Amino acid sequence: HRYETDVVWLEFHGTGHSRIDTGFWLSLAYALTNAACRELNIERSDLEATTVPLEDQADRHAIVIYDAVPGGAGHCRRILHSLPRVIRRAQELLAGCDCDPDSTGCYGCLCDYQNQFAHEELSRGAPLKYLGVLVDALDSGHPSPWRDTSASPGREMVDSLMSAAATVSLVVDEIIPGSIRGLNRDWFDILKQLASRPCGANKVTLILGKVPSAGSAASKTLVYHRVAELKALGVNVLSCERGTREFATLSVFNGDGTLNTVWKWPWDCPLGPEVDGVCRNRLGREREAVETIDTPPSAKSLTLPVLREFHEFTLEPGKRHNFFSQQLFGNLLKHFIEGAVIIDPHIIHGVQQLTILDEFLRLLKVTDDAEVIVKAGRVRGDEWRGNFASWPEQDAAAKAISAKFASHRLKVIFPNDGNFVDHDRVIYLSTKKPDGTQFYKIILGQGLFGFHPTCRRRSHGVWFEIPETEWNTAKSLR
């Protein structure tokens, strides 16, 4: 059977893929076809594609895109006249997808009903690299050594890092935890994976402007812990002056020390789940690109002791959470408690907060000589609604719960002047274990109230072991 229609015949060479690599050629064919449909507003059912190996040419191949309508519908003529646009759109399509570049493709980039016979062979990783070469070739005369701002930089940067076999250098003001779009990993996970490469963790350098600190807010403590983990693995972790740079940079080097790829984005934009304003160099113009950004900063090494028994968790809003869950406090509350210090400005503000405090105290297995201290804040004039209406009501509530938990030797302390500006909600515990007493610090974004089902905000928390000196300091707070 044969019928006449319009076709676009595209020959490719220098791809690094032989004629027998059908997965690459089919993936490239469908990337161009899907991009043409999106760029030129063509119905996907109106176009088809196939591949044709060229005789006696091991590295040359042809891709044929054709109108699926006998006699042609004019679509192929439009593709031919707009081929540079189609190639750019194909590169953007594959770069912006969330599927694993080294696994099979998905319906967001390559797969559709018409090519389901080839789904197991389709993958976006290899054709994405080649399309990047084509885009840079199209822009060979462009005055800027930088590509246009990427629409999905996080995924492209991760793909570049995962293929790195030598030195990697990241200079950034700060890194924020949180899964990169389309991945179940964050940037710390990616850096840890890089540190485990055969070339060694010392081939990874991380230079930070903002030095993380432990023991403050849960999010800051989490960053501290993740950076300390990288340091312990052997990553070169350093710090630099914050206010002297224009760009954050990620540089990937070849095994011979030459620069392979460099990325840049505004210095004041943290590296996190989303990164704005990211550009990468055009292929072959790496050194030219480097000349337009800040020189490597003067940096000094950081000393970051790893937090012991570190644990992180998230409390989703509107749910009742089990304190004894292994994902929360289970590994802490299974031990006898010799003492506790609860610092929370809102914990005696109203009935709901008092209810969750009561529930927490009932779960503590205290020793006979245990002492529990609650440092609470006063209700301010703009906070009466839904809370206790006066300080005397707070005092009465504090007296009642102290009497209820007399076995805990519970003491509730309010600041003398009524002011409590401490934003962080912290719990210190002294636990009795078979091998001795150990001390812990719990940091809760929304305090104990985050465990209450009426809490409407997501609450992040961490806990970790602390030295006895820090416990003694907390216990002396009166």
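The model is predicted, so local features need pLDDT of at least 70 and side-chain atom pairs count only at pLDDT 80 or more, while totals for chains, interfaces and linings use all residues. Residues are numbered from 1 along each chain as its sequence is written, and side-chain values use heavy atoms, with hydrogens and water left out.

Helix packing comes first. Two packed helices are described by the angle between their axes and the distance between the axes. Helices (H or I, at least four residues) and strands (E, at least two) are DSSP runs, numbered from the N terminus. Axes are lines fitted to C-alpha atoms, for helices over the stretch in contact, with angles running from 0 to 180 degrees between N-to-C directions.

Take helix α1 (residues 22–40) and helix α3 (residues 83–95): their axes come within 8 Å and cross at roughly 110°. The two helices are therefore roughly perpendicular, on a scale where angles under 35 degrees count as roughly parallel, over 145 as roughly antiparallel, 65 to 115 as roughly perpendicular and the rest as oblique. On the α1 side the contact (heavy atoms within 4.5 Å) includes A31, L32 and A35, and on the α3 side it includes V86, A90 and L93. By class, this contact has 10 nonpolar, one polar and four charged residues; here Ala, Val, Leu, Ile, Met, Phe, Trp, Tyr, Cys and Pro count as nonpolar, Asp, Glu, Lys and Arg as charged, and the others, Gly among them, as polar.

Helix α3 also packs on α4, with axes that come within 9 Å and cross at roughly 140°. That angle makes α3 oblique to α4. The crossing is left-handed, meaning that the near helix is turned anticlockwise from the far one by less than a right angle; clockwise would be right-handed. Among the residues in touch are I87, Q91 and L94 of α3 and L128, L131 and V135 of α4. The contact of α3 with α4 splits into 11 nonpolar, two polar and one charged.

From α10, L354, L357, D358 and L361 meet A397, I401 and K404 of α11, a set with five nonpolar, no polar and two charged residues.

On a 1 Å grid over the protein atoms alone, a cavity is a set of points where a 1.4 Å probe fits but cannot get out, a pocket is an open set with protein on both sides within 12 Å along at least five of seven lines, and lining residues have an atom within 4 Å of a point. Grid points are joined across faces, edges and corners, and a volume is the space filled by probe spheres set on the points.

The largest pocket holds about 700 Å³. Its lining counts 32 residues, with K129, E156, D159, S160 and S163 nearest the centre. Two or more lining residues come from each of α4 (125–138), α5 (153–162), β7 (247–253) and β8 (259–266), and α5 gives the most, with six. The pocket lining has 13 nonpolar, nine polar and 10 charged residues.

There is one cavity of 30 Å³ or more, and the largest cavity has a volume of about 30 Å³. Strands β12 (336–344) and β15 (425–433) each supply at least two residues of its lining.
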